[in-house]
Amino acid sequence: MAAIEAAGDQFAILPIRIPPVPSFPIAAIHELRVRRNAPRIPTANDTRSLFLKNVPADSTEAHFRAVFASLVGAGRFESITFDDEAKAALAVDPAQAAKVAGFARKRKRADEEEDTGSQGTLPSLPESWPRRLHTSSSTAVALFADDKSVQLVLKAIAKLPKTKKYPEWGQGLATSVPALGSSWITSHLQLSRVEKPVVQKVIHDFFTAFNQKEKEAVELAKRLRNEPDDDGFVTVTRGGRAAPASRNEAEEARQKMLDRQAKKKSELKDFYRFQLRERRKAEQAAMLRRFEEDKRKVMQMREKRGKFKPET
């Protein structure tokens, strides 16, 4: 089987035997492409992970755990991450986004850390699919216990063309993985009909978090309404709910603006080349003047030393 040899794109071919099913009662061989994981942005786990290509659509972590266990034994495989998995959604808060859009660039690091710590994931409805399918020819990253485990997996894959002992897909997973087909669709229809108390609780929790974030946004706007930005401009907040700034706050804001201007002026002192050249000339002239003064002082001391006569 020539297709089982290593491909020209440095991928090793891992053949998997697909058993017959009622919808397709013929055994087949699925070719999974495997290589060491080398992302554009390196991570700490690259040395103990493998990049998988042409992943079957019905793949689960249990499937790959069984495949790698048949190759190198149990305890080597740790986890797998599919490229089309739903990422954890961020808490959607349109009220806060609208109110604090103009203040985002002004926030201190401490405020950002405090706000990040207080944010929690918004409540959501239960999952309606008992088992997710992946897109055709999707990819994944398999994580192993150590680099030695990765080497053992690659060596085992290289021996498969000679032994012909291909791992069987889904072997021993009849009870641990939800079945597909009509039972899978039936379970989806049942999970899609969420009970009314559950929906009411999710909506209530959502608006509770929404109102809390809106309150935090108003308080943040009050704190930052008179703080100038990097250019010295103050963003004016609309609406009459925010009270005018006190005299102390205005004075503090004015002092911050003056400090920023002084810092910017010092940074631009030697910005241009001619400024740097003029400063060096002035320093050189000052050094020459100090040298001439020191030379004159030495000559005066020598003249006084020649006129000195000790008492007899």
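# Close-up views of the predicted model

**View A. Glu61 and Arg65 join their side chains in a salt bridge, 2.8 Å from N to O.** A salt bridge here is a side-chain nitrogen of Lys or Arg within 4 Å of a carboxyl oxygen of Asp or Glu. This is a predicted model: local features need pLDDT of at least 70, side-chain atom pairs count only at pLDDT 80 or more, and totals for chains, interfaces and linings use all residues. Residues are numbered from 1 along each chain as its sequence is written, and side-chain values use heavy atoms, with hydrogens and water left out. Both partners sit in helix α1, four residues apart, about one turn of the helix. Helices (H or I, at least four residues) and strands (E, at least two) are DSSP runs, numbered from the N terminus. Glu61 is partly exposed, at 33% relative accessibility. Arg65 is partly exposed too, at 36%. Buried means under 20% relative accessible area, exposed over 50%, and partly exposed in between (1.4 Å probe, protein chains only).

**View B. Helix α1 (residues 61–72) spans 16 Å between its end C-alpha atoms.** Its twelve residues, at 1.5 Å a residue, should span 16 Å, so the model agrees with expectation. The expected span is 1.5 Å times one less than the number of residues. His63, Phe64, Val67, Phe68 and Leu71 are the buried residues of α1. Seen down the helix axis, the buried residues fall within an arc of 120°, so they line one face of α1. The arc is that of the directions from the helix axis to the C-beta atoms. An α-helix has 3.6 residues a turn, so residues three or four places apart point the same way. The buried residues of α1 pack against strands β1 (12–18), β2 (28–36), β3 (49–55), β4 (77–82) and β5 (138–144), and against helix α4. Just after α1, Gly73 takes a positive phi of about 95°.

**View C. Val150 is a buried residue of helix α4.** Helix α4 covers residues 147–163 and includes Val150. The relative accessible area of Val150 is 0%, so it counts as buried. Val150 touches Arg36, Thr47, Arg48, Ser49, Leu50 and Phe144, leaving aside residues up to four places away in sequence. Contact means heavy atoms within 4.5 Å. Val150 and Arg76 are 74 residues apart in sequence, yet 8.4 Å apart in space, C-alpha to C-alpha.

**View D. Val21, Phe24 and Ile26 make a nonpolar surface patch of about 290 Å².** Patches are made of residues with over 30% relative accessible area and no salt bridge; like charges are joined within 9 Å, nonpolar side chains (Val, Leu, Ile, Met, Phe, Trp, Tyr) within 5 Å. Areas come from the Shrake-Rupley method with a 1.4 Å probe; for residues, only the protein chains shown count as cover. Phe24 lies in the loop between β1 and β2. At 49% relative accessibility, Phe24 counts as partly exposed.

**View E. Ser137 has a positive phi of about 60°, although it is not a glycine.** Ser137 belongs to the loop between α3 (109–118) and β5. With a relative accessible area of 48%, Ser137 is partly exposed.

**View F. Lys164 has a positive phi of about 60° and is not a glycine.** Lys164 is in the loop between α4 and α5 (182–192). Lys164 is partly exposed, with a relative accessible area of 41%.

**View G. Lys201 forms a salt bridge with Asp205.** The closest N and O atoms of Lys201 and Asp205 are 3.0 Å apart. Both residues lie in helix α6 (residues 196–224), four residues apart, about one turn of the helix. Lys201 is exposed, at 54% relative accessibility, whereas Asp205 is partly exposed, at 25%.

**View H. The side chains of Glu283 and Arg279 meet in a salt bridge, 2.8 Å from N to O.** The two residues are four apart in helix α8 (residues 273–306), so about one helical turn separates them. Glu283 is partly exposed, at 40% relative accessibility. Arg279 is also partly exposed, at 31%. A search of the whole structure finds six salt bridges.

**Overview. The protein has eight helices and five strands.** Along the sequence, they follow the pattern β-β-β-α-β-α-α-β-α-α-α-α-α. Of the 312 residues, 23% are buried. Among contacts with a separation of 6 or more, 71% join residues 24 or more positions apart. The protein exposes about 22900 Å², and carbon and sulfur atoms supply 56% of that area.
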